[in-house]
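Here's a walk through one protein chain, a few spots at a time. Have the sequence and the model open side by side as you read.

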Amino acid sequence: DANGGGGEEGCEVAAEDTTEVPKGDETVPTATVELPISDNIDAEVNFISYELQTQLRKSVDIYPRSSAVLKELGCQVSKRRQFKDKHKVKKQKTVEGSDAAPAEVKIYDVQRSADGTGFDKELPIRVEEKTRIDFRDKLYLAPLTTVGNLPFRRLCKALGADVTCSEMAMATNLLQGHKSEWALLKRHPSEDLFGVQICGGYPDAVAQTAEMLDNNISLDFLDLNCGCPIDLVCNKGAGSTLLTKLERLEQVVRAASRSISCPFTFKVRKGYNDNNDIAHTFLPRAAEWGACAVTLHGRTRQQRYSRRADWDYIARCSKAVAPTGLQLIGNGDVFSYSEYKERMDSGRGDGDVDGPGGLATCMIARAALIKPWIFTEIKEQREWDISAGERLELLKKFCNAGLEHWGSDSKGVETTRRFLMEWLSFLHRYIPIGLLERLPCHLHWRPPAYAGRNDLETLFASSSASDWVRISEMLLGPTPAGFNFAPKHKSNAYANTDNASEAGMALGDDDGVQNG
């Protein structure tokens with residue numbers, strides 16, 4: 001009993017528990033851990049204003065520059081836009097009682113000063129006069145759908161990433177003022193070199209979106225995703241579909257780049273179908289179209305994320321674009337410092353490393369999801385045998401950033417939990433260096449089931465969603481009743497898999513979760 005009297009049966013139960021239930025090594029927390037608390041919460045930027053949202057919903061024409069550019073290039077405007085424009089002209093005639101045609105909008109309106117000298121007139125910005133971003137040797141975190149959210153980008157910045165980019169946003173949804181789409185564009189003050197990635201298949205939508213973003217949010221460059229392999233995107237004429245319509249691709253790039261004052265980049269794959277690589281046929285002209293840099297994913301759209309990325313082809317394209325001054329950013333399967341160095345050396349060859357064109361850097365995508373400390377490894381030129389405790393600290397920092405970003409109420413906690421578990425669906429694929437027989441580890445290696453060096457390391461290696469829930473409960477407390485989770489992305493590049501990546505992950509261009 002409670003006082004110990006007549007407790008023979010109770011003693012036998014206690015003895016049985018002691019002998020048969022292992023205690024473990026106590027590396028796995030048994031209760032919710034305490035998260036680090038930020039003293040100062042930095043203000044995020046790039047919110048859609050009420051005034052802009054009202055203008056978008058009422059279809060107010062706020063695109064004078066892109067409209068003039070589209071007219072000059074001879075690009076068609078969608079029927080929906082033409083109808084709205086005609087309606088506006090008709091309404092204007094009724095109000096003013098005049099049949100005079102509306103004044104023609106010039107690409108750059110000349111505004112003369114009060115004294116008539118004209119010294120304050122706005123001159124056209126030529127491509128060579130635009131601000132130019134030097135991507136050479138900068139570590140570029142790819143735009144990653146779902147998992148490449150602001151808290152994750154903050155973590156990667158702290159680990160050494162130089163360039164970050166928003167998750168892919170659809171141009172048409174931005175033009176319609178969808179708050180959920182605009183939320184993807186938020187920027188943290190720590191992101192000192194930040195780009196916004198959009199996706200669209202037609203010059204009018206892309207150019208208007210580009211002008212709107214250039215005028216209303218904080219960004220250092222604008223990126224267009226022309227490599228996304230997802231059916232939902234391609235069926236709308238965007239993403240990889242543009243690789244089958246090169247004339248339209250040229251129109252889109254020219255229209256968008258001339259509608260903004262910041263640098264413009266775009267991302268492509270080496271081709272649409274296997275055995276039909278075409279990127280080398282148009283990349284040498286990309287600088288003439290107005291692009292500051294182009295990211296090339298070494299796979300085709302048909303290949304998606306299966307098999308190895310073709311870095312020999314990337315090196316070939318790098319050599320082709322070097323004389324034009326175009327910066328090429330290689331993408332695909334970079335998983336360690338030694339691979340990064342090998343790709344950079346092979347891509348640059350014996351050419352002028354200090355020249356403005358050619359292979360500038362590599363974009364890191366799925367590797368950042370599996371081991372975000374890859375940026376530290378490349379910066380410090382080493383392999384980091386990170387411990388399970390250090391990885392737990394990274395998860396704590398992510399959760400703290402998530403609660404700052406999404407809120408610390410019940411909804412914010414569950415949103416943070418969902419994105420944490422999406423990340424864990426990649427993070428479990430990391431194999432500790434101390435367990436490997438040879439280095440470096442490659443992205444396409446399929447690891448067998450293994451036991452870690454302690455219980456926490458073994459738990460992190462689990463591919464079971466129930467264990468991911470357990471990890472989330474360590475950091476964010478118990479899950480609500482009826483909670484269930486299925487990872488959104490399933491792309492991989494494992495060797496000897498017939499259907500690898502056919503699920504179509506939404507990553508950046510290493511995409512699994514990539515966007516291209």
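## Starting point: Leu141

Which strand does Leu141 lie in? Leu141 is part of strand β1; helices here are DSSP runs of H or I with at least four residues, strands are runs of E with at least two, and both are numbered from the N terminus. At a relative accessible area of 1%, Leu141 is buried (buried is under 20% relative accessible area, exposed is over 50%, and partly exposed is in between, using a 1.4 Å probe and protein chains only).

Leaving aside residues up to four places away in sequence, Leu141 touches Phe152, Arg153, Cys156, Ala161, Val163, Thr164, Cys165, Ile364, Ala368 and Phe375, where a contact means heavy atoms within 4.5 Å. Ala365 and Leu141 sit 224 residues apart in sequence, yet their C-alpha atoms are 6.2 Å apart in space.

## What you're looking at

This is a predicted model, so local features need pLDDT of at least 70 and side-chain atom pairs count only at pLDDT 80 or more, while totals for chains, interfaces and linings use all residues. Residues are numbered from 1 along each chain as its sequence is written, and side-chain values use heavy atoms, with hydrogens and water left out.

The protein chain has 20 helices and nine strands. Of its 516 residues, 54% are buried. Take the contacts between residues at least 6 apart in sequence: 75% of them join residues at least 24 apart.

## A covered strand

Strand β8 covers residues 327-331, and five of its five residues are buried. In a regular strand, side chains alternate between the two faces of the sheet. In β8, Gln327, Ile329 and Asn331 point one way, Leu328 and Gly330 point the other way, and all are buried.

The partner to look at is β7 (residues 293-300), which pairs with β8 in the parallel sense over five bridges (two strands pair if DSSP finds at least two bridges between them). Within that pairing, Val294 stands opposite Leu328 of β8.

## Two helices crossing

Now go to helix α18 (residues 410-427) and helix α20 (residues 465-476). Their axes come within 10 Å and cross at roughly 135°; axes are lines fitted to C-alpha atoms, for helices over the stretch in contact, with angles from 0 to 180 degrees between N-to-C directions. That makes α18 oblique to α20 (under 35 degrees counts as roughly parallel, over 145 as roughly antiparallel, 65 to 115 as roughly perpendicular, and the rest as oblique).

On the α18 side, the contact is made by Val413, Thr416, Arg417, Leu420, Met421, Leu424 and Ser425. Facing them from α20 are Ala465, Trp468, Val469, Ile471, Ser472, Glu473, Leu475 and Leu476. These residues divide into ten nonpolar, three polar and two charged (Ala, Val, Leu, Ile, Met, Phe, Trp, Tyr, Cys and Pro count as nonpolar, Asp, Glu, Lys and Arg as charged, and the others, Gly among them, as polar).

Two residues other than glycine have positive phi values. Asp137, in the loop between α4 (79-96) and β1 (140-141), has a phi of about 60°. Thr146, in the loop between β1 and α5 (150-158), has a phi near 70°. Is each one buried or exposed? Asp137 counts as partly exposed at 46% relative accessibility, whereas Thr146 is buried at 5%.

One more stop: the peptide bond from Leu439 to Pro440 is cis, with omega near 0°. Pro440 is in the loop between α18 and α19 (455-460).
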